[in-house]
Amino acid sequence: MASSLTCTGVIWALLSLLSAAASCVGFFMPYWLLGTQMDKTVSFGTFRRCSYPVRDEEKQITVMLEQCGRYASFNGIPSLQWRICTVVTGVGCGLLLLVALTALMGCCISDLISRTIGRVAGGIQFVGGLLIGSGCALYPLGWDSEEVRQTCNNSSDQFKLGTCQIGWAYYCTGAGAAAAMLICTWLSCFAGKKQKHYPY
């Protein structure tokens, strides 16, 4: 099977896939912020939440429904900053996935990735990682929303956690973005084989 990648390029393709997978899994999972409400564990992502209060009309009390789900609408996301974070991080994850899948195809298809295309792909990875990193930086600006304050014992604020803590998905997303920006972008410069110049 012919490949358009050098040995470094194959490592680049695999690391690109791993960094894209880490960022996408972290982005999708609702474990960016962890806290408690009504003695139940509550977790938030950018567009998803686990455990939320609902009114039990039969008993006339508010109970915690221990399920994970998306917000009913984009405007249902608790803060403007989290809405921006959702869009920016989602676009960044899409770019990382696009490059990772292209790099994997380069392992099987000859003449798909030249040196120039590898460098362009690395630039796209850098932009994708930068977008995800920006989303991670924006996320703490939403900690002052009412939903988060209720979960963090009414002591959270922008860049102040209160009684809440950062979850593993936030770190996973950031680590994938950092790997894409720092390692994959550098490896992409050496990923493609030099194109053959034919005399005709």
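The charged end of R48 sits over the ring of F28, 4.5 Å from the ring centre. A charge counts as over a ring when NZ of Lys or CZ of Arg is within 6 Å of the ring centre and within 35 degrees of the ring normal. This is a predicted model: local features need pLDDT of at least 70, side-chain atom pairs count only at pLDDT 80 or more, and totals for chains, interfaces and linings use all residues. Residues are numbered from 1 along each chain as its sequence is written, and side-chain values use heavy atoms, with hydrogens and water left out.

**Disulfides**

- The chain has two disulfides, a disulfide being a pair of cysteine sulfur atoms within 2.5 Å.
- Counting bonded cysteines along the chain, the pattern is 1-2, 3-4.
- C50 and C68 are joined, S to S 1.7 Å. This pair links distant parts of the chain: C50 is in strand β3 (residues 48-56), C68 is in strand β4 (residues 61-70), and the two are 18 residues apart.
- Helices (H or I, at least four residues) and strands (E, at least two) are DSSP runs, numbered from the N terminus.
- The link of C50 and C68 is right-handed, because the torsion about its S-S bond is about 105°.
- C50 is buried at 6% relative accessibility, whereas C68 is partly exposed at 40%. Buried means under 20% relative accessible area, exposed over 50%, and partly exposed in between (1.4 Å probe, protein chains only).
- The sulfur atoms of C152 and C164 lie 1.8 Å apart and form a disulfide. Here the S-S torsion is -105°, and the link is left-handed.
- C152 and C164 both lie in the loop between α4 (146-151) and β5 (165-166), so the bond ties together parts that are twelve residues apart in sequence.
- C152 counts as buried at 1% relative accessibility. C164 is buried too, with a relative accessible area of 6%.

- C24 is in no disulfide; the nearest cysteine sulfur belongs to C93 and is 4.1 Å away. At 18% relative accessibility, C24 counts as buried.
- The closest cysteine sulfur to that of C108 is in C107, 6.0 Å away, which is too far for a bond. C108 counts as partly exposed, at 42% relative accessibility.

**Aromatic contacts**

- The whole structure holds ten aromatic pairs. Rings of Phe, Tyr and Trp (its six-membered ring) pair if their centres lie within 6.5 Å; planes under 30 degrees apart count as stacked, over 60 as edge-to-face and the rest as tilted.
- One of the pairs is W32 with Y170, edge-to-face, 5.3 Å centre to centre with 75° between the planes.
- That pair also links distant parts of the chain: W32 is in the loop between α1 (7-28) and β1 (33-37), Y170 is in helix α5 (residues 168-188), and 138 residues separate them.
- W32 is buried, with a relative accessible area of 0%. Y170 counts as buried at 16%.
- W32 and Y170 belong to one aromatic cluster with F44, W82, Y139 and Y171.

**Helix α1**

- The 22 residues of α1 should span 32 Å at 1.5 Å a residue, and its end C-alpha atoms are 32 Å apart, which agrees. The expected span is 1.5 Å times one less than the number of residues.
- Buried residues of α1 include G9, W12, A13, S16, S19 and A20. Further along, S23, C24, G26 and F27 are buried as well.
- An α-helix has 3.6 residues a turn, so residues three or four places apart point the same way.
- The cover over the buried residues of α1 includes α2 (80-106), α3 (115-138) and α5, contact meaning heavy atoms within 4.5 Å.

**Strand β1 and its partners**

- The covered face of β1 has L33, G35 and Q37; the uncovered one has L34 and T36. In a regular strand the side chains alternate between the two faces of the sheet.
- β1 pairs with strand β2 (residues 40-44) in the antiparallel sense, over five bridges. Strands pair if DSSP finds at least two bridges between them.
- L33 has F44 as its bridge partner in β2.
- β1 and β2 form a hairpin with two residues between them, and M38 in the turn has a positive phi of about 55°.
- β1 also runs antiparallel to β5, joined by two bridges. L34 stands opposite Q165 in β5.
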